Amino acid sequence: MKQLFVISVLILLLLSVPGCTRYYLTEGTAVGTRVDTPATEARLNRVGFLTKGLERRIAVQNTGADRTATNTLEVWCLFRNRTNYDQQIMVRTQYFGPARKPNEGPNEWQTLFLPSNGIETYRTYSAGTDAEYFYIEVKEMP
Amino acid sequence: MNRIVARKRARAWIILLVLLVLLSGCATSVTTGVSQSASRSSGKYRPPDEPSNIRSVAIESYDIESACRKMVGKMLANPLLNRSGQPVHVIVDAEYFSVQTASRLNKNLLIDQLRSELLNAAAGRIVFVGREYAGMVEHERDLKRTGAVGPATTPGAATTLGAGYRLGGRITDLTNVGGGVTERYTQMAFEMVDLETGQIVFSDTHRFKKSQALGTLYR
């Protein structure tokens, strides 16, 4: 009986100690984590889907950028709805300078309406003239 | 006999205790000592450039931000407004911008943001004339000229700036109601007019359509 009691107390302690430490945060600031994997980096001059699974429903047919008459960057992207139903997506762009430095914050979330099996072009402009690269983000309309 | 019953009871208590410990371990607890209830309150901040959760047909912050940033990009891509070498002088205010919509909107909310974003993005490529502050400027100039106040840090100018272009435009909408649903199509038109010739050198629109299901009480 005594043995059983001692063993059970030990089990209880073992279970409760890690249970407590797991949920108590340490004070102070946390160090940021940098994750260097191809999946997490901003793929410049490409499109990134923020909503999981959306990339299976929306295809990126083509992307590109041209200089305007005033030397700003015009970015465009052609999307295709791969499904048999209408979809709404939100698209925005961030611009990067010559050293791949982000030099212009993301511009407005543009809403695109894609008819079933249809295509739609997203088009946006940088404000500055030193934008060289772009990164387009796509998410599902909430 | 009593020993067996006591042992069974002890086992039951132990199992019960183990289960309690396990269950409490699963529960998430507040450990920082700071109340988390504020994050669940209704007055929390929301990103202004995302659609509202209210889902009404009226113009919201997302529409204003979208229109402003779209126009900034397009105006700066316009070679007539954004000349290299000699910057053009423009007036961007709400004087010639009208709101002709069913829902009320303070047009300064839109125009102030447009001017501010355009000015910062243009980075000296366009000169902005504050015509709505003309009275304030003239009053200060008079005080300086009469010697009532000393000279400013900026050099004196014979005249204040004239403008080559001025913003004009309007917001209009079309509302349809039927079957318990309200649909509203809104158009924001922005134009830049040459103040010498009257030529419209820039024109673009931001358009959107929204629908809202109405409750029985509001039909």
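1. Helix 2 of chain B (residues 61–76) has 16 residues and spans 23 Å from first to last C-alpha, close to the 22 Å expected at 1.5 Å a residue. The expected span is 1.5 Å times one less than the number of residues. Helices are DSSP runs of H or I with at least four residues, strands are runs of E with at least two, and both are numbered from the N terminus.

2. This is a predicted model, in which local features need pLDDT of at least 70, side-chain atom pairs count only at pLDDT 80 or more, and totals for chains, interfaces and linings use all residues. Residues are numbered from 1 along each chain as its sequence is written, while chains are lettered from A and ligands numbered from 1 in the order in which they are written.

3. Helix 2 of chain B is largely enclosed by the rest of the structure, because 15 of its 16 residues are buried. Buried means 20 or more other C-beta atoms within 10 Å of the residue's own, with C-beta atoms placed from the backbone. Across chain B, 21% of the 219 residues are buried.

4. Chain B holds 4 helices and 6 strands. Their pattern along the sequence is α-α-β-β-α-β-α-β-β-β.

5. Chain A has an open sheet of 3 strands, ordered 2-3-7, with antiparallel pairing. Strand 2 (58–67) and strand 7 (119–125) of chain A are the edges, each pairing on one side only. Pairing requires at least two DSSP bridges between strands.

6. Strands 2 and 3 (residues 73–81) of chain A pair antiparallel over 9 bridges. A:Asn62 stands opposite A:Leu78 of strand 3.

Methods:
A residue is buried if 20 or more other C-beta atoms lie within 10 Å of its own, exposed if 12 or fewer, and partly exposed in between; C-beta atoms are placed from the backbone.
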